[in-house]
Amino acid sequence: MEKEMRVRFAPSPTGPFHIGGARSALFNWLLAKRMGGKFVLRIEDTDRKRSTPESEENIKAALKWLGITWDEGADVGGPYGPYHQMERLDIYKKYTDQLLKEGKAYYCYCTPEELEEERQALLKDCKMPRYMGKCRHLTEEQKAQYEKEGRKPSIRLKVPENETIVVHDMVRGDVEFDSNGIGDFVIVKSDGIPTYNYAVVIDDYLMHITHVIRAEEHLSNTPRQLLVYEALGFEKPVFAHISLILGTDHTKMSKRHGATSVDAYRQQGYLPEGIDNFLALLGWAPQGEEEIFSMEEACKVFSMDRVAKNPAVFDIKKLNWINSQHIRKLTPDAFFELAKPFMVKAGYMTGDETGEKLDWLKRVVATAQTQVDYGAQVPEKVALYFTDDFDFENEEAVSVLKEETVPLVMKALIEGFHSLDELNHDSVKGVFKAVQKGNKLKGQQVYMPFRVALTGNQHGPELAEMIPLLGADRVEKRIMKSLEKAHVSL
């Protein structure tokens, strides 16, 4: 019987949840869903100086927002807990005692100063810095002397010499490391806290993790972890190291390439569907040309054999385009809810509106749905409905109002709008067509000057959409003011 696939995401709660971490979590989640397996959330909180409850809550909230739910782990529990490393210290100690007893690990009393001195000496000789095993064969007397001096020992794993360590990687194939370049490494620090490369092995084994999918930067940790698996006699999981995320300039992603935390994108009004879609494409290519898909659709086709070795480029323009496509799929009510906090912040609404005022606001916001990439852009796109004061975008716009037919067109359109029983999309279009046809004019001679006079710009939302929202009186007032500024009289 084939083993159930079990994957995990194991973040350290040391700051805001990074977009790269979200991509790793997503790949694990997609694979688990595709294969009918389990997705485990483990919190690696052994960095006591930097780990905070606030960071943990930020990570969990971001995962939930992205729709990445976990079957076992923090908050939800499960059969292999606890799921916080600091609650597992007794478990690690049991295995550490076993390694010490079997002579596979030993106490190291070297001070940070001594270790640095050794490191500098190796660098000076152009050798790989590593621990040279000074404390490997201490006598009981030497240990007692160090204890007397008050030295608190760490515990190191004995690393075999002249061995080739092979990482079998689902993405990179076989990657080889020389054990001589590693040196005996610390598995438990002098304060009794296990190191990452030690605790992660015990956790993954005891939690029955079958596949470890993580960022490429962890590849260099893997040979150390394989040595721990070997020393403890544990069955090894399958490894996959997904590519780094680079900025468009092909340097490591940083804030200059765009926000790096998931929460920053949420606060700007990106959709979780848009972020998920974009992250899935960072290093994975679905079959076919389609780039816009839901999480449900991705779950059905995701596979590690279509994950690329090459670095993935975080292109904010691509993210914006993908997110805009998901925004266009929203219902008008859902789009209004997305826009609402940004409209309130801009002072365009209080959030308590009802009746006609609320209906008008919804219609106004709806005009921006095909124009924005994310929610924070909405106020700028609808600003024209909240003030009648504006400037012409450039001299070219002003020159449009200087054309000979402009007075005739403006007068006829204003009169036409005032004569309507109901100002709506179709009736407004009817007035434009009647003025154009009745005066034997081209469309550009009618629409362009009216748009410039109404908004100051040569491009923007459809006029038949805008005019009913402004009303005939406001439309006339804006037109007359623009003509006055451009020194054109009717």
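How many of the 5 residues of strand β9 (residues 211-215) are buried? I looked this up in a predicted model. I found that 5 of its 5 residues are buried, so I noted β9 as mostly covered under the cut-off of under 20% relative accessible area.

**Entry: strands β9 and β10**

I next looked for the partner of β9. It pairs with strand β10 (residues 238-242). The sense is parallel, and I noted 5 bridges. I picked out arginine 214 in this pairing. Its bridge partner in β10 is histidine 241.

I turned to strand β1, residues 6-9. Which residues lie on each side of β1? Arg6 and Arg8 are on one side. Val7 and Phe9 are on the other. All four are buried, and both faces of the strand are covered. I then found that β1 pairs with strand β2 (residues 38-41). They run in the parallel sense, over 4 bridges. Across from arginine 8, I found valine 40 in β2.

**Entry: the whole chain**

I noted 20 helices and 12 strands. Is the chain compact or spread out? The radius of gyration is 32 Å, while the globule rule gives 23 Å for 490 residues. The value is well over the rule, so the chain is more spread out than a compact globule. I also looked up the box filled by the C-alpha atoms. Along the principal axes it is roughly 105 × 55 × 40 Å.

I checked burial next. Buried residues make up 49% of the 490 residues. The accessible surface comes to about 24700 Å². Carbon and sulfur atoms own 50% of that surface. For contacts, I took those between residues at least 6 apart in sequence. Of these, 74% join residues at least 24 apart.

**Entry: aromatic rings**

I counted rings that pair up and noted 17 aromatic pairs in the structure. Why is the pair of tyrosine 265 and tyrosine 270 called edge-to-face? Their ring centres are 5.2 Å apart and their planes stand at 80°. An angle over 60 degrees counts as edge-to-face, so the pair gets that label. I also found tyrosine 265 and tyrosine 270 both buried.

I followed tyrosine 270 to another partner, tyrosine 374. This pair is stacked, with 4.7 Å from centre to centre and 15° between the planes. Where do the two residues sit? Tyrosine 270 is in the loop between α8 (262-267) and α9 (272-280). Tyrosine 374 is in the loop between α13 (355-366) and α14 (378-382). They are 104 residues apart, and the pair links distant parts of the chain. Tyrosine 270 and tyrosine 374 are both buried.

I put these rings into a wider group. Tyr265, Tyr270, Phe278, Phe314 and Tyr374 form one aromatic cluster.

**Entry: charges over rings**

I looked for charged side chains above ring faces. Arginine 156 lies over the face of tyrosine 131, at 3.7 Å from the ring centre. I noted lysine 485 too. Its charged end sits over the ring of phenylalanine 390, 5.3 Å from the centre.

**Entry: phenylalanine 302**

I found phenylalanine 302 in the loop between α10 (295-301) and β12 (312-313). Is phenylalanine 302 buried or exposed? Its relative accessibility is 1%, so it counts as buried. I then listed its contacts, leaving aside neighbours within four places in sequence. They are Phe27, Leu30, Leu31, Arg34, Trp284 and Val307. I also compared its position with valine 212, 90 residues away along the chain. Their C-alpha atoms are separated by 16 Å.

The peptide bond from glycine 81 to proline 82 is cis, with omega near 0°. Proline 82 lies in the loop between β3 (72-73) and α3 (89-101).

Asparagine 162 is not a glycine, yet its phi is positive, near 55°. I placed it in the loop between β5 (154-157) and β6 (164-169). Asparagine 162 has a relative accessible area of 63%, so it is exposed.

Lysine 440 also has a positive phi, about 50°, without being a glycine. I placed lysine 440 in the loop between α17 (425-438) and α18 (443-455). With a relative accessible area of 78%, lysine 440 is exposed.

Note on methods: Residues are numbered from 1 along each chain as its sequence is written. This is a predicted model: local features need pLDDT of at least 70, side-chain atom pairs count only at pLDDT 80 or more; totals for chains, interfaces and linings use all residues. Side-chain values use heavy atoms; hydrogens and water are left out. Rings of Phe, Tyr and Trp (its six-membered ring) pair if their centres lie within 6.5 Å; planes under 30 degrees apart count as stacked, over 60 as edge-to-face and the rest as tilted. Buried means under 20% relative accessible area, exposed over 50%, partly exposed in between (1.4 Å probe, protein chains only). A charge sits over a ring if NZ of Lys or CZ of Arg is within 6 Å of the ring centre and within 35 degrees of the ring normal. The radius of gyration is taken over C-alpha atoms; the globule rule is 2.2 Å times the number of residues to the power 0.38. Contact means heavy atoms within 4.5 Å. Accessible areas come from the Shrake-Rupley method with a 1.4 Å probe; for residues, only the protein chains shown count as cover. Two strands pair if DSSP finds at least two bridges between them.
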